[in-house]
Every structure is written in C-alpha cells, then in structure tokens.
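Dear colleague,

Please read the notes with the model open beside them.

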Amino acid sequence: MQNDFDPLFEFLRDRISDKAGIAHQSDEVLPFRGADKHLLASLLQKSIRRCDIKRATRAAHQLLVIDKARLWGRLMVTALEDIGVGNLDVAILLVAAATNARWRNCLGGDARLLSHLLPSACSAIKDRSGDHISSIVNHEPMVDLEYCALKGASLSALLAIIAMSGLPLLYRVRAALIAAGRHSLDDGISRAGKDTAAVFGQFHEMEVPPLLVEACRIYARRSYDGLSFIIPFLWTVWQGDGASHAHIAHRLPSAARIDQLPLYAMDPLHTRVGREAIKRWVKVQGGRCRRNPAQIAIGLWNIESAACDRTLSWRSAETVRDQGHRADLLSRHVPLEQHDAIHAFIVSESETLNAVRRTVLCEATASHGERAPISTSEIIHPSPQPCVRKEPPDMPSKDVMQLEVGRYRLLADKLKAEFTAIDDETLSDTLEGISDLPEMIEAIVRSSLEDECLVEALKLRLDTMNARLSRFKERFDKKRHLACWAMGSAGINKIDIVDFSVSWCEGSQKAEIQDAAKLPEAYLVPVAAKIDRASLLTALKRGDVIEGVSLIKGEAYITVRAR
C-alpha cells in the first residue's frame with residue numbers, strides 16, 4: 001500500500017496490532033430511536049468528551065450504517081478539536097483511521113477499528129485549546145501593530161513570523177492562517193499566501209513531530225477551519241510549558257435524557273433541533289429572559305456541550321480557555337460583566353429548559369419512527385466518497401426574499417379566508433411555523449448586527465489612525481521647521497547627501513489679512529445659501545404652505561434592540 005500517508009498507516013497498523021486482544025463489539029447494537037444523522041454525530045462527539053463509551057459506541061455504529069462519511073469526518077474533527085495535545089497518539093490514530101477506507105478494510109473493517117478506537121478516544125485526556133484559539137482568532141480584533149504588520153505581508157515574512165517563538169502565540173497563528181489562505185483581515189488587500197505546503201514545511205523546521213504534522217496536513221485537505229494550523233503551535237507552547245501530562249477531573253452532572261437519548265446531543269449551536277429548542281424556550285420565558293437565543297445558546301454550549309470528563313492541566317491552557325469563552329460571548333454581544341450571570345440564569349432555569357427540549361426532541365424523533373436493532377454483520381462497506389468542504393450558507397438574495405414574501409402573503413390570505421375569527425397573534429404564530437420568511441429576516445438582521453459591530457470597530461480604528469496621522473503630520477512639520485531654522489541661522493544654503501539634498505529657500509510673498517471686514521466686496525467669495533431642513537420640516541408639519549417643497553412619507557425602516 002504505497003501512498004503519501006504510509007507513515008500514518010504504519011502507525012495505525014502497529015497500534016491496532018498492539019490491541020489485538022481487545023474484545024470485539026457485540027453483534028447487536030441498539031439504535032437510538034428516531035435519531036437522525038445530525039443528532040447522532042453530535043451525540044458521538046459529546047459522548048467522547050464525557051467518556052461515555054456506551055453511548056459513543058451506539059451512536060458510532062448507528063451512524064456507520066446511516067452515513068459512514070459523516071462518522072469518520074466527525075471523528076477526525078474530534079481528534080483535533082477535543083483531544084489534541086491531551087493525547088497526541090489517540091488524536092493521530094483517529095485522523096489516520098478516518099483518512100482512507102482501504103486502510104480500514106485492510107485492518108479488519110470499520111466496525112473492528114471502532115471497537116479499538118472509541119475506548120481510547122473516550123478515555124483520552126481532552127484538550128480543547130485549539131478550538132478556544134480558533135474562537136479568539138475569529139472574534140477578537142487584532143492590536144494595531146499586529147494588524148499593520150500582517151496586512152500585505154509577503155509569504156516569506158509570514159513564514160518568518162511563524163518561526164519566531166518569542167512572538168505572541170495569536171500573532172503567529174494568524175500569520176500561519178493568512179499564509180495558508182484560511183484567514184482574512186477583511187480589508188480587501190490581496191496577500192501573497194495560500195501556500196499550505198510552506199506552512200507545514202515550517203512546522204517541520206520547528207521540530208513538531210512528523211506524524212502530527214502529517215495528520216494536520218490531511219485534516220487541512222478535508223476541512224477549511226484553522227485547527228490543522230493551530231495544533232502544531234499548541235504543541236510547541238505545551239512543550240515550552242514543560243509538556244505536563246497532569247490533568248483535572250471534572251464532575252459532570254447526570255445528563256437529562258428522553259428514551260435513553262441524552263439531551264446534550266441537542267447542540268444549541270450546530271443542530272437544528274437544538275436551536276429550535278432555545279428559540280422556543282426564550283419565547284416561553286418572555287420578560288424573564290433578557291437574552292436573545294444566540295446568547296443563551298453560546299452560554300449553554302459552554303456549560304453543557306463543551307463539557308469534558310478530564311482536561312489537560314498546563315500553564316497556558318487556562319488562559320486560553322478563559323479568553324476563548326470571553327470571545328464567544330462577546331461575539332454575541334454579552335458584556336464581560338454579565339458572563340457569569342448568563343451562566344447562572346441557564347443553570348437556575350435548567351428544568352424549564354429541559355422540558356422544552358424534550359418536547360422539541362419528541363417532535364423531531366416522532367417523524368423518524370421505530371428502527372430495528374442494527375447487526376454489525378449487515379454493515380456494508382461502500383467505496384469511500386470524496387470529502388467536499390461545505391461553504392457557509394449565503395444570505396438570501398432579494399429575489400428569494402420576494403418569492404418568500406409572496407408565499408407568506410398568500411398563506412396569510414388563505415388562513416384569514418378559512419378562519420375568519422383568527423386574531424393577529426395566532427395568525428403570526430401560525431405563519432411563523434409554516435413559512436421560512438421569519439427565519440430569513442432573522443438571519444439578515446443577525447448578520448446586520450455583526451456588520452454593526454464591524455462598523456463601530458472600524459470607526460474606533462479610524463479615529464485612532466486619524467489621531468496617529470495628526471501626530472505624524474505635526475511631527476513632520478516640527479522637524480522640517482527645525483531644519484529650516486538651523487540652516488537659515490547658520491547661513492547654509494544647501495546640503496548634499498548620498499540619497500537626497502536639502503536646499504534652504506527664502507519664503508515667497510503672501511497676503512496677510514489684518515481685518516477681513518474692511519476688505520472690498522470684489523475680494524470676497526460669495527457662499528451659497530444652505531437649506532435649513534429642520535425649520536422647513538417643522539413649518540410643513542405645522543400646516544404652512546411653502547412653494548417648492550411638500551411633505552411626503554419617508555422610507556420605512558426597522559429598529560433592532562439587542563437583549
């Protein structure tokens with residue numbers, strides 16, 4: 001089996017051979033009734049984080065039948081996002097196993113590999129520092145000096161920044177992501193980058209373990225996120241902090257569940273049922289909940305979805321985790337002083353939240369019906385499908401919105417015609433459930449809130465840069481004036497230097513105004529009259545008739561109040 005990834009295959013084969021005595025999974029795996037592929041993938045990752053081997057095994061084998069590509073793709077993400085430097089061997093094993101279906105078939109098939117890999121993944125010490133750094137990079141603005149250094153930097157300059165261990169970690173990470181074409185400064189400036197080979201070559205020169213670099217290289221080919229470029233940096237920082245294997249055990253509360261399916265599978269950020277449950281719960285809470293669904297979702301995700309049984313304890317990890325949580329919450333407009341309050345509110349209202357989540361989950365799973373137990377002997381091995389990176393969904397276009405608005409009006413007219421006594425609130429609630437228009441509007445407004453943050457940030461940056469520009473101009477004038485005074489006082493008319501020359505010149509004649517009021521009108525420039533729109537509008541509203549102007553209705557607008 002000669003190919004580019006032979007070292008990884010040899011590593012995988014050796015580790016699987018070492019575990020030849022491990023008991024195989026029983027032939028019958030009980031499925032989670034009604035769970036779709038999205039819930040199963042979420043459950044698999046959360047169960048590995050919590051060291052829940054039983055549920056992770058059930059979810060994995062059920063997902064193996066439903067969507068094998070999704071199963072191995074999620075395990076690859078788990079390797080870098082949740083395990084990382086907590087247990088590098090296990091992380092590399094998961095990536096290697098997910099790399100090639102032929103390798104898995106050669107080593108006994110998917111089911112056999114799962115029986116070896118899942119216990120190792122669940123029992124591994126977890127380290128989510130890579131995901132935290134990704135949040136910081138995506139949500140926190142750069143300081144001016146870093147921004148100015150990175151914008152327009154050449155590939156060689158970016159590689160030099162990557163290699164300098166004395167520079168701040170986030171600065172080096174951003175340089176690597178820009179060089180690999182995985183990060184943009186959103187200023188429209190083109191960059192000489194997108195050379196992943198050069199970045200991974202630099203990691204080799206930094207003496208990052210070759211198998212880890214190879215695993216990250218494979219991950220980078222299958223996913224657009226920045227984890228594959230962050231983990232090598234984390235390894236170097238972890239080594240610099242002493243490469244400690246000490247860990248912290250976390251006491252996780254028992255998970256609420258419905259029909260053996262734990263509610264933590266309802267990821268409030270990445271599953272449709274999880275997001276829907278949060279939206280309903282916020283609506284039920286009414287005035288008691290002063291946060292929008294996105295803010296509740298990120299708070300719940302940090303409390304429940306990201307919970308791990310054991311995490312690696314090393315000097316920089318706690319700082320990275322706290323900064324990552326802060327970046328997540330700030331990106332959803334939760335002020336720093338309210339971070340603890342939102343967590344406390346979610347915990348105090350967990351019973352009502354779980355009641356709504358159970359209802360939403362029952363509705364979602366009811367449509368899938370009963371499923372018979374899955375026999376591993378029936379599992380087939382279709383040829384591997386190429387991994388295609390999914391781009392984030394585009395904002396709905398105006399044409400799509402026009403079609404949906406027309407559909408919304410048509411549905412409203414039909415409901416009014418069929419139910420003549422229907423009130424406005426019931427009509428609105430009914431339409432919200434059968435039309436996508438409210439969700440489209442929500443997506444547009446939510447995106448506009450993010451744009452508003454960028455506008456405010458750029459205004460702040462422009463004010464800062466304009467102030468710096470004024471200081472530079474003032475410094476320029478003072479230096480030129482000082483040089484002019486020195487040459488004039490010393491009687492020096494010209495100085496020749498290698499790369500420039502300086503000449504002292506007498507000032508030209510100019511007019512000095514002592515009293516502008518005494519100047520003849522011939523030398524005064526008339527200024528055009530300016531319309532007093534405020535007074536004009538007040539007079540029209542009062543009923544005055546003024547020639548050349550009329551009172552019309554302005555363009556409609558929306559107001560958005562973030563909670």
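**Overall picture**

The secondary structure of the protein comes to 23 helices and eight strands, where helices (H or I, at least four residues) and strands (E, at least two) are DSSP runs, numbered from the N terminus. This is a predicted model, in which local features need pLDDT of at least 70 and side-chain atom pairs count only at pLDDT 80 or more, while totals for chains, interfaces and linings use all residues. Residues are numbered from 1 along each chain as its sequence is written, and side-chain values use heavy atoms, with hydrogens and water left out.

Of the 563 residues in the protein, 40% are buried; buried means under 20% relative accessible area, exposed over 50%, and partly exposed in between (1.4 Å probe, protein chains only). The protein exposes about 32,900 Å², of which carbon and sulfur atoms supply 54%, with accessible areas taken from the Shrake-Rupley method with a 1.4 Å probe and, for residues, only the protein chains shown counting as cover. Among contacts (heavy atoms within 4.5 Å) between residues at least 6 apart in sequence, 75% join residues at least 24 apart.

**Salt bridges**

The structure holds 24 salt bridges, each defined as a side-chain nitrogen of Lys or Arg within 4 Å of a carboxyl oxygen of Asp or Glu. One of them pairs Arg49 with Glu81, the closest N and O atoms being 2.9 Å apart. Because Arg49 lies in helix 2 (residues 37–49) and Glu81 in helix 4 (residues 68–83), the pair ties together parts that are 32 residues apart in sequence. Arg49 counts as buried because its relative accessibility is 1%, and Glu81 counts as buried as well, at 13%.

Another salt bridge is formed where the side chains of Arg70 and Asp67 meet, at 3.3 Å from N to O. Here Arg70 counts as partly exposed, at 23% relative accessibility, whereas Asp67, at 18%, counts as buried.

In a further salt bridge, Asp322 is paired with Arg321, and the closest N and O atoms are 3.6 Å apart. Asp322 counts as partly exposed at 40% relative accessibility, and Arg321 counts as partly exposed at 34%.

Elsewhere, salt bridges that share partners join Arg49, Glu81, Asp82, Arg128 and Asp131 into one network. Asp131, a member of this network, is found in helix 8 (residues 129–139) and is buried, with a relative accessible area of 15%. The side chains of Asp131 and Arg128 are joined by a polar contact of 2.7 Å (a pair of N or O atoms within 3.5 Å; within protein, one must be able to donate a hydrogen and the other to accept it, and residues adjacent in sequence count only if both atoms are side-chain atoms). Leaving aside residues up to four places away in sequence, Asp131 touches Glu81, Leu227 and Trp301.

**Helix 15**

Helix 15 (residues 272–285) has 14 residues and reaches 20 Å from its first C-alpha to its last, close to the 20 Å expected at 1.5 Å a residue, the expected span being 1.5 Å times one less than the number of residues. Its buried residues are Val273, Gly274, Ala277, Ile278, Trp281, Val282 and Gln285. An α-helix has 3.6 residues a turn, so residues three or four places apart point the same way. Helix 15 is followed by Gly286, whose phi is positive, near 60 degrees.

Cys51 has a positive phi of about 60 degrees although it is not a glycine; Cys51 lies in the loop between helix 2 and helix 3 (53–66) and is partly exposed, with a relative accessible area of 30%. His333, also not a glycine, has a positive phi of about 65 degrees. His333 lies in the loop between helix 17 (317–330) and helix 18 (339–348), and its relative accessible area of 29% makes it partly exposed.

**A nonpolar surface patch**

Ile492, Ile495, Ile497, Val498 and Phe500 make a nonpolar surface patch of about 470 Å². Patches are made of residues with over 30% relative accessible area and no salt bridge, with like charges joined within 9 Å and nonpolar side chains (Val, Leu, Ile, Met, Phe, Trp, Tyr) within 5 Å. Ile492 is found in the loop between helix 22 (437–490) and strand 7 (494–496), and at 35% relative accessibility Ile492 counts as partly exposed.
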